[in-house]
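My notes follow in the order in which I looked.

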Amino acid sequence: MDIPYTVTARPDTGLYNAKVGIWLFLASEVMLFGGLFSSYIFLRVGADYHWPVHELDVRLGFINTLVLIFSSVTVLLAWANLKLRKIGKFKLYLFLTILCAGAFMGIKSIEYKSKFSHYAVKLTDGTFLTGHLPHGYEIKFGDVTNLTLTVQSQTAAIDADPVSYVLPLIQGEVPKFKTESGEEITLDKDSFAKLRADALAKAKESGKNSGTIKLTSVAPLTFQAKPTKILGYAATALTFRDGTVAEGKLLDDKMTLEVDGVDTRSVPDSEKSLAWSSQYLGESWKKAFIATRDHAQAEFKEKYPNRDPQKSATHQKEAFYLKIKSATPPAAEPHGEDHKAEAKAEEHGDAHAAHGHHPEVVLEKKDIAFYSNYTPKLNTYYAIYFTLTGLHGLHVVAGALVLGYFLFFDGKMLRNDPERLANRVEVGGLFWHFVDLVWIFLFPLLYLL
Amino acid sequence: MADSPEEIYKSIKKIKLIGWVLAVFTVITVGLSYVELPTHSLNMLVGMIVAAFKAALVALIFMHLNHEAKLIYKILAFTAAFAIALFFLFVFSASDPLVFSGFYESNQ
């Protein structure tokens, strides 16, 4: 059976059917993105932190905007050339459109990747240190011989499962363990199931719901784990996520950070920020910070004598968020023309910075309130950023797939019924323009404002 | 709908022109975002006006909503109304509905 009205208009609607269909679909898409834009407004109005402005790479966002505009033009030119039966040009422009989709996603993935490897560490006084973790961040805990496992007879959130939660964190070879009865075992699924059954049987005898298993390793163990992989730790004990407790010694829980920014906007007195303590960035960086801050404040006062600097988000960022682009502080001469030359030199320094030309600080665990890479965990801005751009990216991929189908698999229709294919391309193009339309709002909202 | 060859040639010219206009306005958006207006809300307002203008160009010219069948305008009228309603949902976050329901009193 043929689908009716693929080329000619249906008399009552005045449109070919696919067009009505795509507009109904786009209407539902508006609702989908509308809900997310509404969430953006809600999160921004309710944000209790400094909403990031110009924090993403504006250059890459700008290039991507141009790429989408260009592709919107090419998809229309493809349609127009098909209408004129200029098949070569039609194929060329459609191919260019798909190429643009690839370029857009490529640039987007570069942006995403840089966010995944970039970290923000909130210190206990509210200062944010931003930068990279050259060695990752892991806790080292050693000298462990005794493990205490707790097994539950009923389903519980925390129930001993050493095979999944303890063994993978052991550094080096996994040694044998001695049970309480003195038997030497290799800890694996089967041997643990047996231990578990014994412990629960014993617990039942004494009328308890949970039993304990004590294991002694034949050689001392060292554990190394990301903080998310364990439940908690103190100087002499570490608790794994399955509730297993290891007795031993905390070896290292310091975080090495290559600092590329110090954000003191949430600190009451920026000069007293923890970042400037002698064990971290120290006096010389503090001086550099004060020079930049005072310069920004003087400039703001001169330019806008009647405005309240407290209310200018961009000024607050300029004055209280020090960007660090060299391993040692620049000489404190931030006045006049010199400053401009210096700023330019710093920009050129960017390439070197990528190779680790940043001051390194070793942060004490007690000073860290929270840390995260630039992902939804960091704050609501990055949550909505990844949601919106991720969904938009999926639409770009979907659009490219549809247009790619018309280009590569619709050869038969191109020969037999080019007018119908033109309508298909038009409908695919309408979707493509909608994707561009969404980006027209996303770019300023996420990158610029 | 542009169907005769002359009309299509004409529309190709128009498409390219609008493409350039959109690119220029993208530059303007970026530039304006670095201008320090009296309040940041004003920056937001200006930025959104420029974005709305660009969006209108895309919708009217690229998606040819400047001459479309009546049915599509009917669909979009509903869409626009509901979308605008969505943007104002955040006002409900200004008050805590649990206060009015007596939730806190009964839990004291």
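I began with the packing of helix H3 of chain A in this predicted model, and found that the buried residues of H3(A) pack against helix H2 (58-83) and helix H10 (380-408) of chain A. I listed those buried residues as Phe90(A), Tyr93(A), Leu94(A), Thr97(A), Ile98(A), Cys100(A), Ala101(A) and Phe104(A). H3(A) itself covers residues 87-116, and its 30 residues reach 44 Å from the first C-alpha to the last, close to the 44 Å expected at 1.5 Å a residue.

I then turned to a helix pair in chain A, where the axes of H1 (residues 17-45) and H12 (residues 418-448) come within 10 Å and cross at roughly 15°. Because angles under 35 degrees count as roughly parallel, I noted H1(A) as roughly parallel to H12(A); their crossing is right-handed. On the H1(A) side I found that the contact includes Ile22(A), Leu26(A) and Phe33(A), and on the H12(A) side residues including Val427(A), Phe431(A) and Phe434(A). By class, I recorded 11 nonpolar, 1 polar and 2 charged residues in the contact of H1(A) with H12(A).

Last, I looked up where chain B meets chain A, and noted 40 residues of chain B in contact with 45 residues of chain A. Helices H1 (5-33), H2 (40-62) and H3 (70-87) of chain B are the elements that each give two or more residues to the side touching chain A, and H1(B) gives the most, with 13 residues. I recorded the residues on this side of chain B as 26 nonpolar, 11 polar and 3 charged.

Terms used. Residues numbered from 1 in each chain as written. Chains lettered and ligands numbered in written order. Predicted model: local features only at pLDDT ≥ 70, side-chain atom pairs only at ≥ 80, totals over all residues. Axes fitted to C-alpha atoms, helices over the stretch in contact; angles between N-to-C directions. Helix = DSSP H or I, 4+ residues; strand = E, 2+ residues; numbered from the N terminus. Parallel < 35°, antiparallel > 145°, perpendicular 65-115°, else oblique. Left-handed = near helix turned anticlockwise from the far one by under 90°. Contact = placed C-beta atoms within 7 Å. Nonpolar A, V, L, I, M, F, W, Y, C, P; charged D, E, K, R; others polar. Expected span 1.5 Å × (residues − 1). Buried ≥ 20, exposed ≤ 12 C-beta atoms within 10 Å, placed from the backbone.
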